[in-house]
Amino acid sequence: MDYKKINNILGWAIWLIATLVYVSTVEATASFWDCGEFIATAYNLEVGHPPGAPLFMLLGRFFTMFFSAESAGYAINILSAISSSFTILFLFWTITMLLKKMALKAGELTHGKTIAIFGAAVVGSLAYTFSDSFWFSAVEGEVYALSSLFTALVFWAILKWDAVATEKHSVRWIVFIAYLMGLSIGVHLLNLLAIPAMVFLYYFKTRELNFKDFAKATGLSVLFLGIVQFGIIPGTVKIGAMFELMFVNSLGMPFNSGLLVYILLLIGLISFGIYYTQKKGKVLWNTAVLCVTVILIGYSTYTVIMVRSAANPPMDENNPENAFSLLSYLNREQYGSAPFLTGQYFNTPLDARAPYKEGDPVYYQNEETGKYEHINKGEKNKPNYDEATSGFFPRMWSSQAHHIRDYKVWVDYKGKNKRASNGQTVKIPTFGENLSFLFNYQWGHIYWRYFMWNFVGRQSDVQNTHPSHIDRGNWISGIKPIDSMRLGNQDNLPKSMTDNPGHNKYYMLPFLLGLIGLIYQFIKNPKDLLVLGLLFFFTGLAINFYTNPPSPQPRERDYAYVGSFYVFAIWIAVGVYAIYEMLRKKMPQTMSAIVASVVCLLAVPTLMATENWDDHDRSDTYTASDFAKNYLNSCAPNAILFTNGDNDTFPLWYVQEVLRYRTDVRVVNLSLLNTDWYIEQMRRKAWDADGIPQLLPDSKLRQGTNDYVPLYEKPGVTGFRDVDEIIGFVADDTPKSKVALQGNKQVDYIPTKNFKVTVDKEKVLANGTVSKDRADRVVDNIEWTVNKSYIMKNDLIILDILAANDWERPVYFAITTGADSYLGLTDYFQLEGLAYRLVPYKAISYDGQTGEIDTDIMYDNLMNDFKWGGMDEKDIYMNENNRRMCMNFRNNFSRLASEYIRTGEKEKAVEVLDQCLAKMPENNIPYNYFMLSIAENYYKLDAYEKGNAIMSSLLDRYEDDLNYYNSLDRDDVQLLKEDSERAKYILQQMMVMTTQRYPKAGELNGMKDKFVNVNGLLLNPGAN
């Protein structure tokens, strides 16, 4: 059998293995974070968050056509699985191309070399198949799997071009690569980071490596990358917007006429360019024009975004239906931007002479006038930072309080004094401190730590946000002397760490094999090493160098760097070939090739598969969709539900938009409610849910208007003021409703911090807002105070909704939105599940927590309506995010049981507690301190055996944890002092409960004896 046939057969065999692995472990429905949104946008061809992924949407829609709506999430997860397995296929063929090229440089291709090449490719491709971050993306409906396929396909095509570069029609490969890059823009921009590798391969095809040419190639790489990313992508739309503005505003033409003329002109210019360069024999220019053409053809998938946005679907983020909003969408203006090479530091003040400057023009499509209205013309609303206290390479730039706190955690911050334009002395970060943050956090913590997870080992799946967290989320090798140098004594690791499914040990074997490969390639083929090294750098370290992320991040971001891990998998394969080269000097070639391949196969991909399977198998997990249903089931019909984050919003969009579940509930995301386009969409009916009621006119809600509203207690304005009056005051455009800010800018304000909503008692009783047994508690007005100096636009909209709603529709706040989002209304919150209902009476909470318990509704939800994501049926993997979400459920069960105990309904209390244990068993959701209240409630009900079973488990856990803390030296104990003190406190509380508060519990099951050892631990200072 010839080489080519074996290469194809083995490649497809590896593809089949990867496909079976990913399809068998893929999540059954939507996952948390962005997955629910992506699946919904694909299924209904709606518009997701900037900058969008239209090609992913189209492919996702195609996949869902073969499945029912119930299985749409699974279908798009399968798209990710198949994309990932094809990535493995092209990785295999990429490795064989590189190794064959290396082998031929050293002589003819022998039988032994052939076996070694294929064996190495099998090891390298399977190592990447089972790598932590890539496997994670392969089994959920996100864009990263498809993006990885484009990266793999582009790099494979680059090598194919390299192999035939001297042939007549080799340029077709370059055009093909350009087309792939154009298509990939409709998935994710990460694929563009392969451009520098291609430039270097092209540049050094006929040149020797030297510093001068290296500098030239670097400059060309950055130039070409910049042309595509900052020129073609936004520039094409920006010029179109200029045409649109001229044709509509100056020539009086209809909307979109300028854009259509521009598109026709662009097509004409490109056609002429291709014809002219072809006719004149200008090969290089012809190739360039062709490449730009196919990039634009691929990029044209964004017309889907504009077309669907114009149809006003329920999900239409940023409303990019014209050239101006599309440009804003592509530029991700919603998220702001971080400084790159120069800019402000976290404590740089605004320029005292001109604190604000004009921002980029914002155009509003005014249907009444038929023109684009420049709504921020002349407005100075963009911060103008003081130049004297700004500087070069500002890594420590964000002024948010939690970011400032973390800057000083990751860097030994001392700063240097600099005088600002206002004469104030500011202690700004030094250049060295900015570099330290880059190396310690941006490269060390959120790149190299992820890299080591994939090729050395991972401590746990618990998020690590702080350098003192030596007990969670770090990389480990499984070799105690190595790990103890960084993470303290490893002899007494607690089961809470070692039993974590994410506790994966590779003993550095993948890393060492890749390191061998890297060194071997440096010796044998430094040009190819340079190309791979560039791809490794640009898809890894360069991402954080450019995006300049602050600390902390809301989640672990390892999935964003899989392109660089892809490169390291190639080096693992080269490492196998290097071992073959060493062995063949000692034994026959064929035998050395077989030995090297088999040993490395067992030592690396087999080990990785064994370690990683349990925390990557999501085949029986339904938590995101089930928990989303639980949020919606917590609401009465036709409710308005305020949410805030990704995980209490995107899964809800999925179950409503795709599964058509509880579409009567209007989900309102408070983060997005700060934008005018989202407010406009919330006013429209979506499925069975009416739009939100509002009184404020559009002019008060446009971007740049009332983004924040000062609260100024005006003399003479006393008492609590009705929200109707407040909204009327804000809607008023006369000078009496304005206040001057810095720079003498006149803005709307609110003349009080004390608010009220009038209650129509007959209405709230008639429409079920208040049950009959609470009728006597209804107040005339709900009254509250907002203890802030200003409110944001989303807070203003909440007030507007309360004024317009007038108790017609139920209003809820998700329990996960956070206290800052509640606007001081918590005295009128009633807990009914995963949401607090706003009620017209003072809430009575007997446990000190937020919200009064409605036992009837809570019981029905927790016992009958709520779904549990499969964790109640079998042993499944529940990652940290799932486990954290379950703490809310356990707390709700405990609160409901406590309320039944208070009212003397003991049988129901036991029933509720038993349901808690049955639906969230310990094997899936390990017990922690949230279970103390469950155990105590059992004690209150004289169910000592059940309470003691929980206590015994908690005792084992925290005694084990404390043994670990006490085994550490003084410095390491200090790092974990808060955790150690918490464990001691929990054990002390358990002792008090079982020996003093409920002595009968201590007398059963030997509980009193079990605490004998604990006394010694509590007295131990915890330092060796």
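Me: Helices are DSSP runs of H or I with at least four residues, strands are DSSP runs of E with at least two, and both are numbered from the N terminus; with that in mind, which residue follows H2?

Reply: H2 is followed by Leu45, whose phi is positive, near 50°. Before we go further, note that this is a predicted model, in which local features need pLDDT of at least 70 and side-chain atom pairs count only at pLDDT 80 or more, whereas totals for chains, interfaces and linings use all residues. Residues are numbered from 1 along each chain as its sequence is written, and side-chain values use heavy atoms, with hydrogens and water left out.

Me: How many residues of helix H2 are buried?

Reply: A residue is called buried under 20% relative accessible area, exposed over 50%, and partly exposed in between, with a 1.4 Å probe and protein chains only. In helix H2 (residues 35-44), 10 of the 10 residues are buried, so this helix is largely enclosed by the rest of the structure. Among these buried residues are Cys35, Phe38, Ile39 and Tyr43. Their cover, where contact means heavy atoms within 4.5 Å, includes helix H3 (54-64), helix H4 (72-105), helix H13 (303-310) and helix H25 (650-657).

Me: How many aromatic pairs does a search of the whole structure find?

Reply: Rings of Phe, Tyr and Trp (its six-membered ring) pair if their centres lie within 6.5 Å, and planes under 30 degrees apart count as stacked, over 60 as edge-to-face and the rest as tilted. A search of the whole structure gives 89 such pairs. Take Phe324 and Tyr363, whose ring centres are 4.7 Å apart and whose planes stand at 40°, so the pair is tilted. It joins distant parts of the chain, since Phe324 belongs to helix H14 (residues 323-330) and Tyr363 to strand E3 (residues 363-366), 39 residues apart. Phe324 counts as buried at 13% relative accessibility, whereas Tyr363, at 22%, counts as partly exposed.

Me: Which residue forms an aromatic pair with Phe729, and what is the angle between the planes?

Reply: Phe729 pairs with Tyr749 in an edge-to-face arrangement, with 5.3 Å from centre to centre and 90° between the planes. Phe729 lies in helix H27 (residues 723-731) and Tyr749 in the loop between strand E16 (746-748) and strand E17 (754-758), 20 residues apart. Phe729 is buried with a relative accessible area of 16%, and Tyr749 is buried with 3%. Ring pairs can also link up into a cluster, as they do for a group of residues including Tyr447, Trp448, Phe511, Tyr561 and Trp571.

Me: Where does the charged end of Arg660 sit?

Reply: A charge sits over a ring if NZ of Lys or CZ of Arg is within 6 Å of the ring centre and within 35 degrees of the ring normal. The charged end of Arg660 sits over the ring of Trp687, 3.8 Å from its centre, and that of Lys629 sits over the ring of Tyr661, 5.3 Å from its centre.

Me: In what order do the six strands of the open sheet come?

Reply: Strands of a sheet pair through backbone hydrogen bonds, either parallel or antiparallel, and here two strands are taken to pair if DSSP finds at least two bridges between them. The six strands follow the order E12-E11-E20-E22-E21-E23, with mixed pairing. At the edges are strand E12 (666-669) and strand E23 (852-853), each of which pairs on one side only. Strand E21 (residues 829-831) and strand E22 (residues 835-838) run antiparallel and are joined by three bridges, and Leu831 stands opposite Tyr836 in E22.

Me: How many salt bridges does the count come to?

Reply: A salt bridge is a side-chain nitrogen of Lys or Arg within 4 Å of a carboxyl oxygen of Asp or Glu, and the count by this rule is 44. In one of them, Lys700 meets Asp733, with the closest N and O atoms 2.7 Å apart. Lys700 lies in the loop between helix H26 (676-683) and strand E13 (708-710), and Asp733 in the loop between H27 and strand E15 (738-740), so the pair ties together parts that are 33 residues apart in sequence. Lys700 counts as buried at 3% relative accessibility, whereas Asp733 is exposed with a relative accessible area of 54%.

Me: Are Asp412 and Lys414 buried or exposed?

Reply: Both Asp412 and Lys414 are exposed, and their side chains meet in a salt bridge of 2.8 Å, N to O. Salt bridges can also form a network, as those of Asp471, Arg472, Glu978, Asp979 and Arg982 do.
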